[in-house]
Amino acid sequence: EWSNKEKFFLRKLKEELRFVIETLSYQNRFTTLKNTLCEEKMYTKPTNNIVFSGIIDKIMYKEENNEKVVAIIDYKTGHPETNIMNIPYGLEMQLPVYVYLLKNNQMFRESKIVGFYLQKILNKDFSYDGEDYLHEKRRLLRLDGYSINDELLLEQFDSTYKDSELIKGMKIGKNGFYSYSKTITNEQINNMSKKVEEKIIEAGNNILNGNFNINPKRIGDELIGCKYCKFKDLCYKTEKDIVNLEEINNLKFLGGE
């Protein structure tokens with residue numbers, strides 16, 4: 001037996017999920033990557049003592065002339081940031097970890113990664129006074145993340161990439177990609193995967209050596225190490241335990257331009 005309150009929220013959720021599914025179908029019109037794997041679990045073994053695994057929400061790909069082109073998508077119901085600037089600190093690495101797993105998977109090892117993104121579903125209602133409310137709501141479901149800076153590859157994933165219907169902030173003018181478009185080179189993707197492996201090995205060795213020091217990280221005013229911790233109210237940390245880190249605002253640590 002459902003209460004009236006439960007019936008109301010279930011009805012709202014079903015309406016929202018229907019809209020999400022219709023929007024995903026609409027977005028699929030703009031891509032040639034028609035093969036899809038969902039909830040794909042992958043393993044890799046960076047050292048003899050460490051096995052690392054992860055589950056990728058969605059992998060879109062196509063195979064042509066013995067070459068695979070791949071995009072990675074992770075669904076979110078909240079509003080996380082797609083920030084890969086903190087990789088050197090081993091922080092906010094979910095999407096980079098998926099790239100690492102993909103590049104070390106036998107099926108996709110030699111593939112060309114065209115992008116890695118979050119797709120924020122179940123967005124809260126937003127205020128919009130214009131006529132095309134549904135169009136603006138659909139735009140909230142665009143992919144948020146990093147795209148390859150190779151137009152020929154990018155076009156295979158998103159035929160509208162010059163003023164994208166699929167990728168948030170993706171736009172190209174007469175001088176190339178707009179400054180707010182999040183782009184990354186293939187060399188940087190490879191270097192990112194290597195840095196992820198370094199951090200996985202570092203974390204694995206800390207676990208094997210019983211190193212669980214209390215040392216939460218702070219960047220600027222944000223105590224990022226305690227942000228999602230369920231035990232922060234019980235923790236014995238003091239100010240001297242906190243490690244202050246410098247804010248990184250570019251991808252120079254990945255090499256390239």
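How many residues lie between β1 and β2 in their hairpin? Select both strands and look: two residues separate β1 and β2. Before going on, note that this is a predicted model, where local features need pLDDT of at least 70, side-chain atom pairs count only at pLDDT 80 or more, and totals for chains, interfaces and linings use all residues. Residues are numbered from 1 along each chain as its sequence is written, and side-chain values use heavy atoms, with hydrogens and water left out.

**Stop 1: the hairpin**

Colour β1 (35–47) and β2 (50–64). Strands here are DSSP runs of E with at least two residues, helices are runs of H or I with at least four, and both are numbered from the N terminus. β1 and β2 run antiparallel, joined by ten bridges; two strands pair if DSSP finds at least two bridges between them. Now pick Met42, which stands opposite Gly54 in β2.

**Stop 2: the nonpolar cores**

Next, select Ile59, Val114, Phe116 and Phe157, the residues with the most contacts inside the largest nonpolar core, which has 48 residues. A nonpolar core is a set of buried Ala, Val, Leu, Ile, Met, Phe, Trp, Tyr and Cys residues joined through side-chain atoms within 4.5 Å. Buried means under 20% relative accessible area, exposed means over 50%, and partly exposed is in between (1.4 Å probe, protein chains only). Among the elements that each supply at least two residues of this core are β3 (67–76), β4 (112–120) and α5 (186–208). Helix α2 gives the most, with seven residues.

Zoom in on Ile59: leaving aside residues up to four places away in sequence, Ile59 touches several others, including Met42, Val70, Leu102 and Phe108. Contact here means heavy atoms within 4.5 Å. Then move to a second, separate core of five residues, which includes Phe19, Val20, Ile121 and Leu141.

**Stop 3: salt bridges**

The whole structure has eleven salt bridges, each a side-chain nitrogen of Lys or Arg within 4 Å of a carboxyl oxygen of Asp or Glu.

- Lys137 and Glu16: their side chains meet at 2.9 Å, N to O. The pair links helix α3 (residues 133–139) with helix α1 (residues 4–27), 121 residues apart, and both residues are buried.
- Lys68 and Glu63: this salt bridge spans 3.7 Å, N to O. Lys68 is buried because its relative accessible area is 14%, whereas Glu63, at 49%, is partly exposed.
- Asp241 and Lys240: the N to O distance is 4.0 Å. Lys240 counts as exposed, with 73% relative accessibility.
- Lys120, Asp144 and Lys182: a network of salt bridges links these residues.

**Stop 4: Asp150**

Now select Asp150, in the loop between β5 (144–148) and α4 (151–157). Is Asp150 buried or partly exposed? At 31% relative accessibility, Asp150 is partly exposed. A polar atom of its side chain lies 3.0 Å from the backbone nitrogen of Leu152.

**Stop 5: the cysteines**

Finish at Cys226, which is buried at 12% relative accessibility. A disulfide requires two cysteine sulfur atoms within 2.5 Å, and the structure holds zero disulfides.

Note on methods: Polar contact = N/O pair within 3.5 Å; in protein donor to acceptor, adjacent residues only side chain to side chain.
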